[in-house]
Amino acid sequence: MGNEEYAWIHIVALLCLCDSSASQLSYSISEEANKGTVVGNIAKDLHLNVQYLETRDLSIVSSYSKKYFDVNLRTGNLFVDERIDREEICPNTAQCSLRIQAVLSNPMNVHRIEVSVLDINDNSPAFIEQSFSLNISESMSPGERYLLPIAVDADIGSNSVKTYKLSQNEYFSLDVQSGGEHGVSAELVLQKALDREKQPVLKLILTAVDGGNSVRSGTLQINVNVLDVNDNTPIFSKSLYKIRVRENMAQGTVIIKLNATDLDEGTNSKILYSFIKRGNIDPSNMFNLNSETGEITVKGTLDYEETSAYEVRVQAMDQGTYPRSAHAKLLIEIIDVNDNAPEISVTSLMTPVKEDAELGSIVALVTVSDKDGGNSGVTNCKVVGSVPFKLKSNYKNDYSLVVDGPLDRENTSLYNVTITATDEGSPPLSSIRVITVHVSDVNDNAPRFMEPVINVFVKENSAIGSVISTINAFDPDLENNAKLTYKLLDSYPKNIPVSSVVNINSETGDIVSLQSFNYEELKTFQFKVQATDSGVPPLSSNVTVNVLILDENDNNPTILAPYSEHGSVNSESIPYSAEAGYFVAKIRAVDADSGYNALLSYHLSEPKGNNLFRIGTSTGEIRTKRRMSDNDLKTHPLVVLVSDNGEPSLSATVSIDVVVVESTADIQTQFRHVPIKEESFSDLNLYLLIAIVSVSVIFLLSLISLIAVRCHRTDGSFSRYSAPMITTHPDGSWSYSKSTQQYDVCFSSDTLKSDVVVFPAPFPPVDAELISINGGDTFTRTQTLPKTDKLSYSVSEEVKPGSNVGNIAKDLNLNVQDLESRLFQVVPGSKRKYFEKMK
């Protein structure tokens, strides 16, 4: 180690545990110590395990522009990292120390370290003046004293100027005076009267010597000019003047008036005052001295924090041919006033802070300083406003800004923390510092869907691969914590895996159909979609998707027996005596579609000019329009067109040849015609009554058998499904509905034929609600209902808008207040919306 003779180290460790997170260590080190010089072992003095220094990320932080110290994480030694010059850091200051902080993480601890910088004798005394001249009259008597310049040494204590030496001569001696804290001064004492004629000029050497172990010195040449005769020296009223002046006193203010007298007369008694510049301190920079009156006024800005006192030497010189002078000492003490606001500095800022940071986590290290003295330098520091942070005192004016409440980035991602520091001066001064704290995201929010259930309407026969809906979820987190992926959860509509029916784009949420849907086979199905974020650990949530297939008009009407044979021409006979309204035949047809797509209408496509027959548009019954005439043909070919009400409309045709016979005996088919009016009760009426009763009995037996079969299929329980319901229609047909199947029973009251046809009608699954209305329309509610599967109501045709059909909420045991929140709506199964819910 170089310079070992003066770079010695005093290590004094004082460990003061102020609380669980702060303590102070004190060390001492000589200035100019070599880089790498060990100051002390932090691990040992703080009782830390050296093996954990790296894992706890031990670091040295400070507010200085240079990094004077660093730490060896393998040994725990604090060592010098840059050259330390005490005179540069603490000029003109007896005590010099560097304040640094040792910061440990996991958990966060802060330890204050104060390193005292010891002075070494690395500066020699030096005089500001190159030479110094004295004019001394030859008449001066031995014992006269003359003040000499002082030498300046940047070192302090024993290394500063300790004494002065004068070169050998026969006329003068040197009187060295110790001024205590104000240093050492020297006066030239006349020992022997001068003789100008013998030696007009004397050259002397003044040497300033410091008190270091390795003594250093500086010299000044003194030229003594021997003058002639001015017998009396001016005399000050005091040899020492002491005054106290408040800092920041206005310029031009008179602080003192000097007074000196001279017993001589004339110009030898006229006195002029002046400052004596000593060393590197020039009083004329701060004060003005009126050379004639002796008044001293303030010139510069007095600042207690820069200089607390001034020692000024003044001179009074007469105006004789050989002027004589006297000097006095003026001590000016500066009184401190509270003119400096506290200074807030952030030595370390640990940002961003995770939103799940624990209470007490350190966010920043704050230091407060005030240049004033006394109470004016005592400060109080606090956080202003309502923020989840507070200041925790570490040591004296060192604080830690710590977390004091829960953080939520989704609510507040940035805090401007205002810190105010106020001193105890009169009046008190304060300062404000704003620290910006960023809050970083953690994955604490699961993805969210806008609705718990999503209803998707898809037309049947839609193209394979088409996007039927797009699922969107949002996550208030950031970046990967908000990056979502979607997937289908296992579901088996009709025992088919949902993954074979639809697929979902994991990134966009697009749901793509994998097959073309057929309303007649599958009316609705349900599955769940899960949205998962990319956080660690990932969070997810589910949404239920109801897919409802919308019917398209893709089925032609089907003609039922006995006219169902395709391409055949059917024949019916009527008597020549048939009256108007005579029943000829009844065409029956069904359509596999639903709603308007299954609403059938019947029309005759007959030759021009033939107005003998008509057909019921909704019933399909063919009747005569008038009585026969001799001009009418004997055979009438009729083409019946059966059309649905879809767009575009689909149709089917059936051909019937109506043959006119002379008498009823020629009609082979029994119970073929029914006259509109009968004058008396005949045998034919009796047969008709028997036929009607027989058909009714058969119909009732069929219904009972059907109900028994359905009950047997459901294990004899009606707990899941509502009771069956039979509704009569104006066209003479009946509808029977139960559970998830509806049956239409067609029967004509004015026909002689005992034809009963039962066929199933479309019905949605148990998670949709049907409202069956007389007239053939069905309405589906998309909200999943309770256990009830179907509601049935009846209304008359031409009923006025606004008429009450029934109370759905009451019949379904629903709370009326929940209808809007549960998105209750009535969706028509036809193109016109006949019904709506009342608010």
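This is a predicted model: local features need pLDDT of at least 70, side-chain atom pairs count only at pLDDT 80 or more; totals for chains, interfaces and linings use all residues.

Reader: Okay, how many aromatic pairs does the count come to?

Author: Rings of Phe, Tyr and Trp (its six-membered ring) pair if their centres lie within 6.5 Å. By this rule, the count comes to seven aromatic pairs.

Reader: Are the rings of Phe127 and Tyr164 stacked, edge-to-face or tilted, and why?

Author: Planes under 30 degrees apart count as stacked, over 60 as edge-to-face and the rest as tilted. The centres of Phe127 and Tyr164 are 6.3 Å apart and their planes stand at 50°, so the pair is tilted.

Reader: Which strands hold Phe127 and Tyr164?

Author: Strands (E, at least two residues) and helices (H or I, at least four) are DSSP runs, numbered from the N terminus. The pair links distant parts of the chain, 37 residues apart. Phe127 is in strand β9 (residues 126-127), and Tyr164 is in strand β13 (residues 161-166).

Reader: What is the angle between the planes of Phe287 and Tyr310?

Author: Phe287 and Tyr310 form an edge-to-face pair, 5.5 Å centre to centre. Phe287 sits in strand β23 and Tyr310 in strand β25, 23 residues apart. The angle between their planes is 90°.

Reader: Which cysteines does the disulfide join?

Author: A disulfide is a pair of cysteine sulfur atoms within 2.5 Å, and the count comes to one. The link is right-handed, with 65° about the S-S bond. At 2.1 Å from S to S, it joins Cys90 to Cys96.

Reader: Is Cys381 buried or exposed, and why?

Author: Buried means under 20% relative accessible area, exposed over 50%, partly exposed in between (1.4 Å probe, protein chains only). Cys381 has 15% relative accessibility, so Cys381 counts as buried.

Reader: And Leu701, is that one buried or exposed?

Author: Leu701 lies in helix α3 (residues 683-713). Its relative accessible area is 52%, so Leu701 is exposed.

Key: Residues are numbered from 1 along each chain as its sequence is written. Side-chain values use heavy atoms; hydrogens and water are left out.
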